[in-house]
Amino acid sequence: MCGIALSLGPEADPATFRRMLAVLAPRGEVTETRQENGLLAGVRRLRVVDPDRAGQPWLSPDERHLLCYNGEIFNHHQLRGELTRLGYPFRSASDTEVVLAAFRQWGEAAVHRLRGEYAFVVVERAGGRAYLARDPLGVKPLYWSRGPGCVHLASEVKALVGHGAPISEVPPGHHGWAEPDGRLRLRPHVDLLALGAGRPVIDDPDEAALLVRAALTDSIRVRLDTDRTVGVILSGGLDSSLALLHTRQSHPDCVAVTVGVPNSPDVAYARRLAADLGVPHEVVELRPRDIRLADVREAIRISELTEYGDIINAVVSVPLFRRLRELGVKVVLTGDGSDELFGGYPMYHRAGPERSRRLFLHKIRNLCRTELQRVDRVSMAHRVEARVPFLDLSLVELAMRLPLDLKVRDGQEKWIVRRAFADVLPDYVRRRPKNPMSYSSGLHERARLYKPLFARLYRSFGYDLLEPVRRDFDSVLTRCGNDLDRAIADGLARPDYTVLEHARDLVGAAKWNAVPMVRRLVGPRRTRGGDGAPLPG
């Protein structure tokens, strides 16, 4: 995993390029650059796979092509074998080299062979053209902006805001070319809206359970191909528990990390599972009163997120990944994406079978700027590589072939996942309903006190050069009666909350936060006996 930055074109400026790369410093441990006329390329590299020989920018053996790459290719061993048989002379054991070799062998069709989470740029050094590609779900980011006589590319928005020009995102599942004159031509290599279309629906519960189990087990397995300690973000819920169960079995050198309010149900469930599995467990205890304006500002600066709810979740995520960095853990698994795939949100229940598929696909297509953006920015800001097994493309496509009644049944969300792993999940996890940590513990409500300031803080970092902060899509959808088309139109017509809406929200959050203080003030006082011990009140 890395942060990449490039300036391409006759007016590429070394000083500007150095500032871009410096902004990305938290994403890696070492800075590696190559500067030529019309080509400034650099990487801030987190050394995970073949750390000593996988330096970047990577040059092809004939030095015609240069690669800047961020991500992991989970089938790089298989691709290496195939390319070796075709005569490619490998110089390292890295997936970085495999990416460039695959492109040189198969051209733009190489992306169809890559199984992973990636964003990369291949530059034709002689002509100055650059080929860009981003993984199907957009787990790894890539942005661009134009300057006078050049185009700038970077892993984060914050690296590009200094140019003062509009910023654009390379959409998930897209690839194409950036020309020396700054023109970009991008097109999809995966159509997320068509995933599973034309393939038979899997409506038999037994068949569906077997397929879900096989797909998720394999997805986790390939993401454990590392000799490093693997962390698992453990919320105490279904998805993270499955990730920990598989990790403990296949990669015993692991640790579970949980963030939450002391003695909350989420922390209790997480503690119990980690203890039952014999996995070392770190709990980052966070009380609502610990969240201050400075924490909110830092979460916005790091995450660049554009929806209010995602920003609130980032506030809670920052101390978790900070602790992972302190522990020296560089690779973690998360459970992100399962709710979107398997009906973990009430909106799917309310939408009904007819409209649920479109809603699933809309949520998945937008994960790159919501959940996945939060995971990438907050993890990489602490030099931690987060992997998301629930969003392997094969599992996403499988989920699109499952009817809603296998995802939500008898009022229970993610029913098919629970069934698929019924024999390995402890009953206390399998039967536990969804209970998001940030809502149940009060951390969400504490961060909501600062919600009216989010947009101003966001603009202060220049992130509106990409897009403004927007109302939470889920709340817009609810107000539109779960009609997706109406919700999209409403979001475009009125992107942000009104002053009145902010005022109502603030009053609600203030009332919630006032309750504990009032209880302390009016609750029964404890007195002490002669021996100093507290007496029952």
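**Notebook: strands, cores, rings and cysteines**

The model is predicted, so I kept the limits in mind: local features need pLDDT of at least 70, side-chain atom pairs count only at pLDDT 80 or more, and totals for chains, interfaces and linings use all residues. Residues are numbered from 1 along each chain as its sequence is written, and side-chain values use heavy atoms, with hydrogens and water left out.

**Entry 1: around strand 3**

For strands and helices I used DSSP runs numbered from the N terminus (E, at least two residues, for strands; H or I, at least four, for helices). Two strands pair if DSSP finds at least two bridges between them. The hairpin of strand 2 and strand 3 has two residues between the strands, and its glycine 38 takes a positive phi near 80°.

Strand 1 (residues 2–8) also pairs with strand 3, antiparallel, over seven bridges. There I noted alanine 5, whose bridge partner in strand 3 is glycine 42.

How many residues of strand 3 are buried? Seven of its seven are. Buried means under 20% relative accessible area, exposed over 50%, and partly exposed in between (1.4 Å probe, protein chains only). Leu39, Ala41, Val43 and Arg45 point one way from strand 3, while Leu40, Gly42 and Arg44 point the other way. In a regular strand the side chains alternate between the two faces of the sheet.

I traced an open sheet of six strands, antiparallel, in the order 4-5-6-7-11-12. Strand 4 and strand 12 (184–188) are at its edges with a single partner strand each, so one side of each has no neighbour in the sheet. Inside the order, nine bridges join strand 5 (residues 65–73) to strand 6 (residues 116–124). Tyrosine 69 has phenylalanine 120 of strand 6 as its bridge partner.

**Entry 2: rings**

I took rings of Phe, Tyr and Trp (its six-membered ring) as paired if their centres lie within 6.5 Å; planes under 30 degrees apart count as stacked, over 60 as edge-to-face and the rest as tilted. The structure holds 13 aromatic pairs. Tyrosine 308 and phenylalanine 454 are stacked, 5.7 Å centre to centre with 20° between the planes. Tyrosine 308 is in helix 8 (residues 308–327) and phenylalanine 454 in helix 18 (residues 454–460), so the pair ties together parts 146 residues apart in sequence. Both tyrosine 308 and phenylalanine 454 are buried.

Phenylalanine 461 and tyrosine 463 are also stacked, at 5.5 Å and 25°. Phenylalanine 461 counts as buried at 16% relative accessibility, and tyrosine 463 is buried at 2%. Phenylalanine 120 came up again: ring pairs link Phe103, Tyr118, Phe120, Tyr131 and Trp177 into a cluster.

**Entry 3: nonpolar cores**

A nonpolar core is a set of buried Ala, Val, Leu, Ile, Met, Phe, Trp, Tyr and Cys residues joined through side-chain atoms within 4.5 Å. Which residues have the most contacts inside the largest core? Leu242, Leu341, Phe342 and Ile416 do, in a core of 70 residues. Helix 10 (residues 346–365) gives this core its largest share, seven residues. Apart from it lies another core, of 55 residues, including Ala5 and Ala154.

I then checked leucine 341 for contacts (heavy atoms within 4.5 Å). Beyond its neighbours within four places in sequence, its partners include Phe360, Phe390, Met400 and Lys407. Lysine 407 lies over the face of phenylalanine 360, at 3.7 Å from the ring centre. For a charge over a ring, NZ of Lys or CZ of Arg must be within 6 Å of the ring centre and within 35 degrees of the ring normal. Arginine 409 has its charged end over the ring of tryptophan 415, 4.3 Å from the centre.

**Entry 4: backbone and cysteines**

The peptide bond from glutamine 56 to proline 57 is cis, with omega near -10°. Proline 57 lies in the loop between strand 3 (39–45) and strand 4 (58–59). Asparagine 482, not a glycine, has a positive phi of about 60° and counts as buried at 9% relative accessibility.

Last, I searched for disulfides (cysteine sulfur atoms within 2.5 Å). The whole structure has zero. The sulfur of cysteine 2 is 9.0 Å from the closest cysteine sulfur, in cysteine 68, too far for a bond. Cysteine 150 is in no disulfide either, with the sulfur of cysteine 68 the nearest at 15 Å.
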